[in-house]
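Subject: Handing over the structure

Dear colleague,

I am passing the structure below on to you, together with some notes on what was found in it. Please keep it open beside this message while you read.

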Amino acid sequence: MTTRDRLLAAVVAVLWGANFLAIHVGLQHFPPLFLAALRFLVLAIPTVLLVPRPRVPLRWLIGYGLGFGTVQFLFLFVAMDVGMPTGLASLVLQASAPFTVLLGALLLRERMAVRQVAGISLAVVGLMAIAVAQAHAAALIPLVLTLIGALGWAFGNLAARLADAPNPLHLTLWMSVVPPIPLLAASFLTEGPAADWAAVRAAVTPAGVPGLLAIAYLAVLATVLGSGIWTALMRRYPAGVVAPYSLLVPVVGIGLAAAALGERPSVVELVAGVVIIGGVLLGTPRPPRPVTDVALVRTSS
């Protein structure tokens, strides 16, 4: 993985870490399933009108939209609405990284080097340490819901990779066309049209501006920019190489939750965050040396 792509993966981690603050704000203004639907609806309409559909198999496009867009955010938003702390949500959702690596090995027959196994194992140990330290902050149901969301993200990762889109940004935008229908249907059945309409009316008042800004962040920065970069990286490298970078997201998420919401991490959580970073760096294979460099070394010797 090149240095440039490492930096791009780190940018995505920052965007997605701040994503949880935006979700926290959005849930104060909209029902969770309706908020998830709006996140993608504001992208789906201009996408259908202005963006050419990517030349990829329809099953992988739908799979990406259902896994990454629908399952992940349906369960994540509901989990945070019923009590999952913002910082802990950013942590538990990153179970998608080992889920992705495991699914990649099982379904795509992707081989893992010893270095990758060691790095991912180290990062998972860090995640487990933070989970134990914060386990008292969340009930079982929010934790399970968030883990289901992480599994949806993992399946979405593999679908995006198998799509092998020539233009990853187009794939990301068209992925947003899939979630609104199932999410709006789920919102209609469980939250009710009255609650959704009341949230829309409140959004056009001055008090609703933070909710609209949250949707803008979720749609443009977290989805278009973040997911667009992520999809490009997933297309360029094996799933097991890219997925570990998502383990940096909880470091950002917990830090921002502490600064903005007063969720104070313990010493154990801070140390575990350093362990996670080290595991990600160790688990990312080094780029091969250029042939010309090897030739020069042999010549000079």
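This is a predicted model: local features need pLDDT of at least 70, side-chain atom pairs count only at pLDDT 80 or more; totals for chains, interfaces and linings use all residues.

Helix packing

Two packed helices are described by the angle between their axes and the distance between the axes. The axes of helix H1, residues 3-26, and helix H11 come within 9 Å and cross at roughly 155°, and since angles over 145 degrees count as roughly antiparallel, H1 and H11 are therefore roughly antiparallel to each other. The crossing of H1 past H11 is left-handed, and the contact between these two helices, sorted by class, has 20 nonpolar, four polar and three charged residues.

Helix H5, residues 96-107, and helix H7, residues 140-163, have axes that come within 8 Å and cross at roughly 45°, an angle that makes H5 and H7 oblique to each other. Their crossing is right-handed. On the H5 side the contact is formed by Ser96, Phe99, Thr100, Leu103, Gly104 and Leu107, while the residues they meet in H7 are Leu147, Ala150, Leu151, Trp153, Ala154, Phe155, Asn157 and Leu158. By class, this contact of H5 with H7 has 10 nonpolar and four polar residues, and no charged ones.

For helix H3, residues 58-81, and H9, the axes come within 9 Å and cross at roughly 30°, and because angles under 35 degrees count as roughly parallel, H3 is roughly parallel to H9. Here Gly69, Thr70 and Leu74 of H3 meet Pro182, Leu183 and Ala186 of H9, so that by class the contact of H3 with H9 has four nonpolar, two polar and no charged residues.

A helix with a buried side

In helix H10, which spans residues 193-203, Asp196, Ala199 and Ala203 are buried. These three residues cover an arc of only 60° around the axis, which puts them on the same side of H10. In general, an α-helix has 3.6 residues a turn, so residues three or four places apart point the same way. The elements that cover the buried residues of H10 include helix H2 (32-50), helix H9 (180-190) and helix H11 (209-236), whereas the face of H10 turned away from its buried side carries the exposed residues Ala194 and Trp197.

Individual residues

Ser96, which is found in helix H5, is buried, with a relative accessible area of 1%. Residues up to four places away in sequence not being counted, Ser96 touches Ala150, Trp153, Ala154 and Ser246; among these, Ala150, Trp153 and Ala154 are also listed in the H7 part of the contact described above.

Phe77 lies in helix H3 and is likewise buried, with a relative accessible area of 0%. Once its neighbours within four places in sequence are left aside, Phe77 is in contact with Ile23, Leu27, Pro32, Leu35, Ala36, Arg39 and Leu218. One of these, Leu35, is 42 residues from Phe77 in sequence, and the two are 8.1 Å apart in space, C-alpha to C-alpha.

Finally, Asp164 is found in the loop between H7 and helix H8 (168-175), and it has a positive phi of about 50° although it is not a glycine. At 43% relative accessibility, Asp164 counts as partly exposed.

With kind regards

Key:
Residues are numbered from 1 along each chain as its sequence is written. Side-chain values use heavy atoms; hydrogens and water are left out. Axes are lines fitted to C-alpha atoms, for helices over the stretch in contact, and angles run from 0 to 180 degrees between N-to-C directions. Helices (H or I, at least four residues) and strands (E, at least two) are DSSP runs, numbered from the N terminus. Angles under 35 degrees count as roughly parallel, over 145 as roughly antiparallel, 65 to 115 as roughly perpendicular and the rest as oblique. A crossing is left-handed if the near helix is turned anticlockwise from the far one by less than a right angle, and right-handed if clockwise. Contact means heavy atoms within 4.5 Å. Buried means under 20% relative accessible area, exposed over 50%, partly exposed in between (1.4 Å probe, protein chains only). The arc is that of the directions from the helix axis to the C-beta atoms.
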